[in-house]
Amino acid sequence: MATYQEFIQQNEDRDGVRFSWNVWPSSRLEATRMVVPLGCLFTPLKERADLPPIQYDPVLCTRPTCRAILNPFCQIDYRAKMWACNFCYQRNPFPPQYTAISEQHQPAEIIPQFSTLEYTITRATCHPPIYLIVLDTCMEEEDLQAVKESLQMSLSLLPPNALIGLITFGKMVQVHELGSEGVSKSYVFRGTKDLTAKQIQEMLGIGRGQAPQQQRGPQAPQQQFQLPSNRFLQPVHKCDMSLTDLLGELQRDPWPVAQGKRPLRSAGAALSIAVGLLECTFPNTGARIMTFLGGPCTQGPGMVVGDELKHPIRSHHDIEKDNCKYMKKGMKHYEALGHRAANNGHVLDIYSCALDQTGLHEMKFCPKYTGGHMVMGDSFNTSLFKQTFQRVFSKDQKGEFKMAFGATLEVKTSRELKVSGAIGPCVSLGVKGQSVSDTEIGLGGTCQWKMCGLYPNTSLGIFFEVVNQHNAPIPQGGRGYLQFITQYQHSSGQRRVRVTTVARNWADASSNIQHIAAGFDQEAGAVLMSRIAVYRAETDDGPDVLRWLDRMLIRLCQKFGEYHKDDPNSFRFSENFSLYPQFMFHLRRSQFLQVFNNSPDETSYYRHMLNIEDLTQSLIMIQPILYAYSFTGPPEPVLLDTNSLQPDRILLMDTFFHIVIYHGETIDQWKKAGYADLPEYENFKQLLQAPVDDAQEILQTRFPMPRYIVTEHDGSQSRFLLSKVNPSQTHNNMYGFGQIVTSGGPEDAGAAVLTDDVSLQVFMEHLKKLAVSSSS
Amino acid sequence: MSGQYPGNFGPGQGGPGYGAPPGPPMPGGQPPNMYNNGPAGPGQYGAPPQPGKPGMGPPPPNFGGAPPMSNQVQNGFQGQGDMMRHAGPPRPTGPMGASRPPGPPGPPGPPGPPGPGMMGNPGMQQPPGPPTSQFQKMSMSGQPGSQPMGPGPGNFPGSQPGQMPPSSNAGWQPHSAGLGPPPTSMAHRPPGPPTPGMMQPPHSATPPQGAGGHPPGPPMGGMGHPPSSMGAPPRMGGPPQGGMAPPHSSTGMPMMGGAGAPPPMPGGQPPTSMGGGYGQNFNNAPPQPGFPPSNMGQPSNMGSVPGVQTFQPGMGGPPSGPGPMPQGQSSQYGGFPPPSGPGMMQPPAPGGQYPVNQPGGFGSQPGFNMQPQQPRAPGPASQPQQPRRLDPEQMPSPIQVIEDDRRNRSGPFQTNQRGILPPLVTTQFTTQDQGYANPRFLRSTMYNVPCTSDMLKASHIPFALSMTPFARLGPQEPPPPIVDLGELGPVRCKRCKAYMNPYMQFIDGGRRFQCVFCSASTDVPNEYFAHLDHTGRRTDLYQRAELCLGTYEFVATQDYCKNNVLPKEPAFIFMIDVSYNSIKSGLVNLICERLKDDILVNLPKESGVDESEIRVGFVTYHKELHFYNVKSTLAQPQMMVVSDVEDMFVPLVDGFLVTLAESEAVIDSLMGQIPQLFADCKETETVLGPVIQAGLDALKSSERCGRLYVFHTSLPTAEAPGKLKNRDDRKLLGTEKEKSILMPQTPFYEKLGQDCVAAGCSVDLFLFPNSYCDVASMADVVRLTSGNLYKYSYFQADLDGERFIEDLRRNVERPVAFDAILRVRTSTGIRPVDFYGNFYMSNTTDVELAAMDSEQSIAVEVKHDDKLSESEGAYVQIAVLYTSCSGQRRLRVINQGFNCCTQMADLFRSCELDTLVNFFAKQAIRHTLNHNPKYLREHIMNEVSQILACYRKNCANPSSAGQLILPECMKLLPLYSNCIIKSDGIMGGSEISTDDRSYLMHLINSMDVHTTNVFFYPRLLPFHTADFESSEMPSAIRCSMERLQDNGIYLLENGVSMFLWIGLQVDQELIQQLFGVASAAQVDIDKVKLTTLDNPASRKLREMVDEIRADRARYLKLTIVRQRDKLEPWFNHFLVEDKGMNGSSSYVDFLCHIHKEIRNILS
């Protein structure tokens, strides 16, 4: 067996699963002492080019309470044509079509390497995806122009049979009828009023007498449900011309904005109408509501700030002081909308581009519950937005959109395990089952979750509780199983089921703690802990969360560190724990938990992304990556530390949200002196270019596109870098020169960062002290 | 009915005139008789009850024959009570007749010119001339009493006869002829000759009427008596002389009645003549006869006031007759009134006498009433001539009055004197503004205002003004000049804020001016200073409109604007119902086809400007609303649907309201698109409240004032604010419960209307219903916003399209003022108390008008809160602050001055009946919603009776109580008030639909005097008598079935609808020429357009129709009615002198009834 590293990597590649613990403590009591909970980061739609196309339905365990799917871990009785469920031990006959089964002739689902398998349910109808654009018209002319162009561009990216709709809003909300000739027609709603889906249906005059249609089940012929909404949601191929014109003619919201006022912007009402429109026409059908927001909602339901400019939009400070009169109401509105959309299987995206806040803090529930995108930028007229938006419609090798709709994830567990909850872009379906734990972490109390929007990178943190009692030991070599069943609507309209079954060994923590410790995945652990922390931070007080994180870290050190009591210097961590404290250090400092210098919108945005991304990206967010480029050698990753800021280096930092290229002082001078343009300094030019190329590579693939910043020593934008690095040198640094353990000679002292934050070194000192302290 | 009599009587009284004449001539004996009779007559009436009075017996003697009659009559009356007709006895009215005869004598008066003239020459005279005829007609009964009557007449006649006859004979016709003219000024002018001629006609007319009137009710007969009052005159005769003088003076005032009467008596004859005068006055003509001259003189005396003079004439006549009279007459009122008054008075007074006299009188009167019956009797009796009833010809005729006024007062009318009675609305005149308001803008019920509240109350005449500040002007009349004082703004009194006007007194060398209203003195702003000349007038008097004109405008400064911001250009928003019905009827297509080219190009603009500044916007709707963005930069219009009708709003601001010039192309495109967009619309439910809310919101959000044109088809039943239920139950109309369907069913539209007014948003509602659509509820918003309401039932574009488009075109193009506030300021001592019309008032002084055009008229009642002074007169200033069609804020100021009087006679001489009718009608509309129909009817009759009784009591004492004596200017009051009562809009019963009723009520509420005049008494034109080659209209005839001839073709119009009545016996050639078919039976009566044929007859008919339509604010729908066809009853409905199908009284009956009422009051 390979190293745990390899094992973990292999498992991730195959199943999209990273467990915090890869060997499971076999008793409940022991499990609770592991500090970092047993959980995994699961990426349901992890891109797998090698999955065989399976065009039949999965075989289910016949026990009604189980219904697990046949998997490679099942025991097969080829002669009897029976299989035993590895979750409930029920023996099940194979269905008739499996009669030819034999050891030599195995169906894919029982071949070990296909612990993850995807079934395509062919009998389900193919609904074309639906895209409903909700566009703010209260923005600067050039911004509006940019969005319009982006949207027009997107029309060409959409499959021709996809349905598309357009809602614009400003003071009023307009639902545009597409494809009308002679007169462009739209239905207008007051932006100050929240309407129920039924009212919207009546006012739009749709679905009259067709109410029961959604009850007709999957057989409902397409034309049936297309009829009523035809006017507002049209196939792209039928209306792309008129929609292009319509978008072209769109004007900025014409309502006058008085001096000292914000434009009246009815985002809340518009979203409500969009949700209502889809709710009454296409419930349980894949649909995206794409909201383009140029500022905060200033009236009606979901308003986040009044229209008086003299009242600034709420800050964290205001929230702390409970001094924001619209926030709670607004959040309630958007949360309800998020739930509604989620219930109907619709995705809500928010593309927010404005220099000031736009109310993402209140609106975050919409994308969060529905798996929608949240994009934050300064202007629609930036490549950040344009490329990001374009990337929404990116396709995989098969030419299919990298998005899925209306997914449900069900988790089945062995008897010794139960599900505590999930944290991620999902909502609970509230399905109680045998495998549901009483303890809740994140969205608990259910073994099924709904993710309306799902992407290859979407990852859920799923947490488990070991329920096996200490006095009921599991035989040596016993394994625990988990099965993740993800049903979703593929962007092609197909209904698919992806099944991932994983198994891990049980170990008795009292006797084999080292086995368990060896199976610790510090990266997964860190990310899972950060998800919990962020989840808590959303509801709890910031300081509480930090204290909790600290406590957990200390306990982990106590549990798994090697040390002599009360001797900090004796403290040692095994390799697979060694980075964990550092992750925690950066997590504590990160924008996820520190709101200082961030607006509530930014905080919400960052947290949202952390809540979605897979492990690698999450780690980057928690602890940014820093590369150094210099004449001294090839590019190398360097410590995220002030010491890395050397004058003769170019640094490239990737924080996930930002890509920062930092030219050291000397480099900057050379550059300004124009050496790069001189032929004899071609190498300098190349050096300058190298990080740019690398940055481009990242920029090309990441979604949403990061903010790209090129700065230099003492440049104003260098703050993005300085705020991330470990402040080992500060204005009041007791550590001074040379004490640092890192590379570099005495001359590369790095740059001091003016902060009162403690450095990693101090943090570690304290940690060790506390960990070894016998009193704690 | 009695009323009618009165009229007749009046004339009859003219009889008085008689009396007078007789008086004069026969002062001695006859008069007495006359008196007796007369008095008796009246007395009897009143008396009927008084029978006891028979004591009167004595008088009877005079009556001689009559008495018996009278007795009978009385009995009859009494018995009959109301049944005038029973009057069978009335016939006795014969006496009446007699009295009338006197009338005739009156004419004869000519002989004793004065006398006759005096005599109600008219009445009297008429009688005379008519005597025969009249009597016959009248005679009604009288004759019956005939014999008695005859005698009576004889008597009178006797006395008068001599005189009368002549006059009558000659006089009659002449009179009539002359009458016209004489009537008014007649008296004066005609003095001599004309009058006579004039007189006669009228007389004749009157008498007949009188007769007619009589006929109706036996009581009428009583009325008739009035004529008998003739008898009265006799009395007059008696008392006259002495009394005469007194009466005049005294009578006027107090009830003098008794006293007065006597006095007149002296003038006795005069009185008669007086009576005659009245009658004449009515007729006008009558007086003139003999009197004219004398009258003239007197009148002139009287007269300073023309109007008065008119009366005076009559009066004068009498006076003149009696030497002394003059004086009395001088009091003129006294003169006239006394006569009549006296006559009247006396009758009553002499309760005892009544019996006797009355009997006789009554008898006679009854006779009148009886006429019908009596006719027989009469017929047999005295006049075979006069068949039965009171001859309608003898009752005061509006046709005659109109003709006379037209003849005398057409042409220039200078407003250079305070308190001049203006020409009638039916007269074509050109106002020359010389300091007082053009009567087109402002009319008053009286031009000589009583100094005290008590006097006004006693007269029962409401002091009301009818204002039409933006009335259409005559062709030669220049629009009011616009005065721009720049930054200074209008100069105003510092205390009462009245605007500078010609009556302000500059004092202190011109440095200050004293307010004519409140007497406060205000410093003249430096910029406005001008020196005074030696007469104390400013040297720049004639350079400044506000110092020399009755009507002018100021440019307002910012202070006069909402929020102190100058207004933007107004906007018109066209809101088109596109529900199924609307599409199907072709309405939507029609509007879209015609709106731009026929309507919008006519948007109002300031004179001298090429393009209208008015913004236009378009909305379509059924259950939801569609707004259109027609911004000029768009390639195609954008439609924005708002279906949130619960909470209406306007979805766009930019591009919704545009100027036609800029967005013409887009509008064209829109108009082409709308019919297509909704061609398949199956929506049958509509909303209305949200539509108006939307328009309001649109105007508000663009900060403009303006007008909504809502084209709506059905009851708004869709779920939305302002939703209405079908609650129609036309059976309730005319009952006490009618309020329940005439009141709005929800306060929603009232509230909405108030909101609209506040924003300067006027709503014009065009209804195209196929069924009940609850106009009562919807009209509220139109009423409060001073909008116009149009209704096209069962609209079909091909049939009614032209009418609708024409209405719309006229509506859109006429000058209009937006967002107006009207305020009435008056001299200290009086104040406006009650406003009637379509507008909103949030306080008690400011009338808020969202818009005001030439169709909008407001009536205001003025009351005393202190005394006025005769020397200073009373002034009124109407100021309307408004936004013009180009968005300029302006003030229109209209000034009027009135004389003040302490004599009833002065008051009665200067009343304007048309305005009074207008006011009564509006008052009635208001009562409709607060009281029941019965109350309403009785209220009107009571007011009329009180007015006439007051006159009788104060100004016509000498005549017999049996006489019905009517003031010259109000001799048509009974007729018109009956018309009001009969009007569909006011008393409409289940024969019309609830919606029509509400619709008419709405119309009436804002009608101006010109319109009410023809609305209540339709114009009936005998087409077949027209000269096809000339452009003249044929003379109108009275609205009675009896006037229609089987071989005639008639046009009838009342300003709301128009009928073409075709007799079955019409000359086939004419039919051929007009309709291109062989006979009347083949005429296609479903056609709405006249066939265009190239011949003089066809041309003439179309010319006439066009001319009539051009004269009215609305395009009249022409309905062709063939004699004895199914539509005829409907047509007959408009023959207002006849009995109505809902049991309403004929003119004759009504006159009789009024007369009875008067007698009741007087006794």
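In chain B, Asp774(B) lies in the loop between strand E17 (761-767) and helix H33 (775-784); helices (H or I, at least four residues) and strands (E, at least two) are DSSP runs, numbered from the N terminus. Asp774(B) is not a glycine, yet its phi is positive, at about 55 degrees. In chain A, a cis peptide bond with omega of about -10 degrees joins Phe703(A) and Pro704(A). Pro704(A) belongs to the loop between helix H21 (682-701) and strand E29 (707-712) of chain A. Most residues other than glycine have a negative phi, and most peptide bonds are trans.

The model is predicted: local features need pLDDT of at least 70 and side-chain atom pairs count only at pLDDT 80 or more, while totals for chains, interfaces and linings use all residues. Residues are numbered from 1 along each chain as its sequence is written, chains are lettered from A and ligands numbered from 1 in the order in which they are written, and side-chain values use heavy atoms, with hydrogens and water left out.

| Item | Value |
|---|---|
| Residues of chain A in contact with chain B | 19 residues |
| Residues of chain B in contact with chain A | 24 residues |
| Area buried between chain A and chain B | about 2000 Å² |
| Salt bridges between chain A and chain B | three salt bridges |
| Polar contacts between chain A and chain B (both residues at pLDDT 80 or more) | 11 residue pairs |

Contact here means heavy atoms within 4.5 Å. Buried area is the accessible area (1.4 Å probe) that two parts lose on being put together, summed over both; carbon and sulfur atoms give 54% of it between chain A and chain B. A polar contact is a pair of N or O atoms within 3.5 Å; within protein, one must be able to donate a hydrogen and the other to accept it, and residues adjacent in sequence count only if both atoms are side-chain atoms. A salt bridge places a side-chain nitrogen of Lys or Arg within 4 Å of a carboxyl oxygen of Asp or Glu. Such a bridge links the side chains of Arg190(A) and Asp647(B), at 3.3 Å from N to O.

On the side of chain A that touches chain B, two or more residues each come from strand E10 (172-177), strand E11 (184-190) and helix H4 (197-204) of chain A. E11(A) gives the most, with seven residues. E11(A) also pairs in the parallel sense with strand E14 (residues 638-642) of chain B, over five bridges; strands pair if DSSP finds at least two bridges between them. Within E14(B), Val641(B) is the bridge partner of Tyr187(A).
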